[in-house]
Amino acid sequence: MPRALITGITGQDGSYLTELLLEQGYQVHGVVRRTSSLDRSRLHDLYHDPNVYGKSLFLHYAELDDATTFRRVLGTASPDEIYHLAGQSHVGLSFEIPESTCKMTGMATLRLLEMIQDQEKVPRFFHAASSEIFGKPAELPQNEKTPFKPVNPYGASKAFATNMVSIYRNTFGVFGVNGIMFNHESPRRGENFVTRKICRAAAAIKLGKQNELLLGDTSAKRDWGHARDYVRGMWLSLQHTTAEDYVFATGHLHSVQDVVDTAFKTVNLNPGDYVRQDQRFMRPTEPQRLVGDPTKAKRLLNWEPSTSFHDMIEEMTQIEMKRLDGEYVKD
Ligand code: F7E
């Protein structure tokens, strides 16, 4: 039975990845912080399933900035593969807490690389890198060779971590992979990211539970895919014969306004009646034209996104309608 260790297991990607790895017959170990509330987490069903929790799924308390706790988990889990997904991942927030963002996102990755090197059996290591490393890129679309030009503390800390993975791969032979993840969303997305915020608001307004939606820059554009597809890419990248970096993206750009239009159309409302701009949600700088070229992932891993932008936003909005109506939804 292969053994995997996931940091950030209670997040959107961690929960989808856990389901995928369990299906593939893995024993899955997850790192949780003392502050993570398990009952409200996206792992609720698996955690409360006696056939899963304690048999093929195990959770361990550790802090990424505390090497002692993490080393202990490494010893217990003895993983063949590590998926490093944890970190402070909100770009806007990274301007307000730059130092802790760099600590949790940048330094923590270096600390893990140092620790796994000491293991008798050095696990394969996946690092969830980000399109934010490209910031204001000189070329369009971006691929694995596009130079890094981050424009915010989050992007800079991810660029640092991405470089570290390459350095440990090239210098010490660690099987380290950077998955350069463009935006990926789902009904499990955190509520402070723009797609979930919009889909939830459209549903809440339709049900009479909210009056308006306040947003920042609605002309901002992103390359948005479905998280379920992206975690499959993470797993495939560690099964390949060589350690490589990969761009995971759809190759298509959409604006925040497109998200608004699709979500409000799903519930038959006119967004113009409800959406307002609010300075509080504007960022000091915005990255420009972040759109990925996933050709390498297709060529080497046979990876392709399977859900369209339109279907994803529609699904997210419909699920919010059910949730807000008090229905339990298995997403
Ligand atoms: O913003 C604009 C905002 O916060 C998307 C993370 O997973 O993907 C994510 O980062 C766009 C930006 O995601 C609001 O200014 C407008 O242009 O959903 P977001 P993000 O910043 O792209 C990358 C790849 C990561 O690696 C990150 O970890 O939407 N926007 N109005 C807004 N954004 C938010 N959050 N809230 C607004 O009201």
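Guide: Two strands are said to pair if DSSP finds at least two bridges between them. The model shown above is predicted.

Visitor: How many bridges join β1 to β2, then?

Guide: Strand β2 covers residues 27-32, and five bridges link β1 to this strand, the two running parallel. Within β2, His29 is the bridge partner of Leu5.

Visitor: What does the chain pass through from β1 to β2?

Guide: The chain goes through helix α1, residues 12-23. This β-α-β crossover is right-handed.

Visitor: Is β1 mostly covered or mostly uncovered?

Guide: Strand β1, residues 3-7, is mostly covered, with four of its five residues buried.

Visitor: Which residue stands opposite Thr7 in β4?

Guide: That residue is His84. Strand β4 consists of residues 81-84, and its pairing with β1 is parallel, over four bridges.

Visitor: On to helices. How is a packed pair described?

Guide: Two packed helices are described by the angle between their axes and the distance between those axes.

Visitor: At what angle do α9 and α11 cross?

Guide: Helix α9 (residues 256-266) and helix α11 (residues 309-324) have axes that cross at roughly 55 degrees and come within 9 Å. That angle makes α9 oblique to α11.

Visitor: Is the crossing left-handed or right-handed?

Guide: The crossing of α9 past α11 is right-handed.

Visitor: Which residues meet there?

Guide: From α9, Asp258, Val259, Thr262, Ala263 and Thr266 take part. They meet Phe309, His310, Ile313, Glu314, Thr317 and Gln318 of α11.

Methods: Residues are numbered from 1 along each chain as its sequence is written. This is a predicted model: local features need pLDDT of at least 70, side-chain atom pairs count only at pLDDT 80 or more; totals for chains, interfaces and linings use all residues. Side-chain values use heavy atoms; hydrogens and water are left out. Buried means under 20% relative accessible area, exposed over 50%, partly exposed in between (1.4 Å probe, protein chains only). A crossover is right-handed if, with the strands pointing away from the viewer, the path from the first strand over the helix to the second runs clockwise. Axes are lines fitted to C-alpha atoms, for helices over the stretch in contact, and angles run from 0 to 180 degrees between N-to-C directions. Angles under 35 degrees count as roughly parallel, over 145 as roughly antiparallel, 65 to 115 as roughly perpendicular and the rest as oblique. A crossing is left-handed if the near helix is turned anticlockwise from the far one by less than a right angle, and right-handed if clockwise. Contact means heavy atoms within 4.5 Å.
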